[in-house]
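Today I want to find out how two chains meet. I am opening my notebook and will write things down as I look them up.

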Amino acid sequence: MSGQSQRLTVVPTVTMLGVMKSRLVGATRGHALLKKKSDALTVQFRQILKKIVTTKESMGEVMKTSSFALTEAKYVAGENIKHIVLENVQNASLKVRSRQENVAGVKLPKFEYFTEGEIKNDLTGLARGGQQVQLCRAANIKAIELLVELASLQTSFLTLDEAIKTTNRRVNALENVVKPRLENTINYIKGELDELEREDFFRLKKIQGYKKREIERQLAAAKQFAEEQFAEKVSLQKGISLNLAHNLLSAGANKDEDIIF
Amino acid sequence: MAGRAEIRTSNSALIAMIADEDTVTGFLLAGVGNIDLRRKTNYLIVDSKTTVKAIEDAFKEFTTKENIAIVLISQYVANMIRFLVDSYNKPIPAILEIPSKDHPYDPAHDSVLSRVKHLFSTESVASGRR
């Protein structure tokens, strides 16, 4: 992926370095926590999966029992039982209630079934076979119980699956994108700060060098000036002016009586 | 996570059924059937004359209705609309495949178990080779 270890564009100051460091600490901690969450969710996932497999197997058995019961009821009460049952459908007396359960931080739905109202059974089995009809009804109710539980397991399974995928995505993003980027930014800022420091240091040294040379030059110039002065004085006393165009007014007024102003 | 609460908590939701006559009769006897004010039922009896389109429509209707929490569907019916069942990915309502009298339960075709086939070894339920 291009730009995988790019760095963020920041101003390389000491404050930004502090900010980046704290962000890196946060990212590391978040990564560890998310990894733990993903592991916990996977454990739950596998447990639910096992339960689903066993429940599905037993569901096959239960359905067989209930269909046997229905065949018996049909045999005893006559073929019309289907139509009578169909006619009798009004309001459902078996309903499900859905709640949310919090498992390892993930909200999972859970179904539980409950009976509401009374079961309409006015005409079924009145003629004959009432007991078989009741047995059939009981078998079917048991089947429904199991099916509701299975549906509950299945939905938690699917929800967990998605939650695990999202968490893993976040873990990978932190590990492979966010942290390297932050680390690169920190290294860049450190490099820039070092370079600035070196620049400053270098500049300082250079200026010190200049100053030193300046002082030396001034010392040398002053020494030479002093020597020349001395030499001039000496030579004036002897009457010769050495190269120096000294001030006639000031120097001459002191010693030469010929110059009168 | 805020903003992702698609899980409805309801106090009374129905169980829908798309199955053959005997299975539906059995469940109706137990009291799962419901007819609402518009004479719409929460079950569909599938026989040899039912078209695939009717099954698809019923499936779509059951999965979009707010008050249905579980949809029971016979496995051979699910095979007819396999693509619809497989592309359905909402947690509620839950789609449950049940066996019927003539077609015993076949784990290899179950839409949920096939999704985790890779997690199992070759000798387990979902691979269909027991």
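Entry 1, the contact. I count residues as in contact when they have heavy atoms within 4.5 Å of each other. I also remind myself that this model is predicted. With that cut-off, I find 49 residues of chain B in contact with 52 residues of chain A.

Entry 2, the area. The size of an interface is often given as the accessible area lost when the parts come together. I looked that up for chain B and chain A and got about 4,500 Å² of buried area. Carbon and sulfur atoms give 69% of that area.

Side chains of opposite charge can pair when their charged atoms come close. How many salt bridges cross the interface of chain B and chain A? I found one. Its partners are B:Asp22 and A:Lys74, at 3.0 Å from N to O. I then checked the total over all chains, and the count is ten salt bridges. B:Asp22 sits in helix α1 of chain B and A:Lys74 in helix α1 of chain A, so this pair joins two chains.

I noted three residue pairs in polar contact across the interface. Next I listed which elements of chain B give two or more residues to the side touching chain A: β1 (14–19), α1 (21–30), β2 (43–45), β3 (68–74), β4 (94–98) and α5 (111–115). The largest share comes from α1(B), with nine residues. Sorting this side of chain B by class, I got 30 nonpolar, ten polar and nine charged residues.

Helix α1 of chain A covers residues 14–77. Its axis and that of α1(B) come within 10 Å and cross at roughly 85°. Angles of 65 to 115 degrees count as roughly perpendicular, and therefore α1(A) and α1(B) are roughly perpendicular to each other. On the chain A side I saw A:Met63, A:Leu70 and A:Lys74 making the contact, and among their partners in α1(B) are B:Asp22 and B:Phe27.

How are helix α3 of chain A (residues 130–237) and α1(B) packed? I read an angle of about 95°, with the axes 8 Å apart. That makes α3(A) roughly perpendicular to α1(B). From α1(B), the contact uses B:Gly26, B:Phe27, B:Leu29 and B:Ala30, while α3(A) brings residues including A:Val133, A:Arg137 and A:Leu147. I sorted this contact into nine nonpolar, two polar and one charged residues.

Conventions
Residues are numbered from 1 along each chain as its sequence is written. Chains are lettered from A and ligands numbered from 1 in the order in which they are written. This is a predicted model: local features need pLDDT of at least 70, side-chain atom pairs count only at pLDDT 80 or more; totals for chains, interfaces and linings use all residues. Side-chain values use heavy atoms; hydrogens and water are left out. Buried area is the accessible area (1.4 Å probe) that two parts lose on being put together, summed over both. A salt bridge is a side-chain nitrogen of Lys or Arg within 4 Å of a carboxyl oxygen of Asp or Glu. A polar contact is a pair of N or O atoms within 3.5 Å; within protein, one must be able to donate a hydrogen and the other to accept it, and residues adjacent in sequence count only if both atoms are side-chain atoms. Helices (H or I, at least four residues) and strands (E, at least two) are DSSP runs, numbered from the N terminus. Ala, Val, Leu, Ile, Met, Phe, Trp, Tyr, Cys and Pro count as nonpolar, Asp, Glu, Lys and Arg as charged, and the others, Gly among them, as polar. Axes are lines fitted to C-alpha atoms, for helices over the stretch in contact, and angles run from 0 to 180 degrees between N-to-C directions. Angles under 35 degrees count as roughly parallel, over 145 as roughly antiparallel, 65 to 115 as roughly perpendicular and the rest as oblique.
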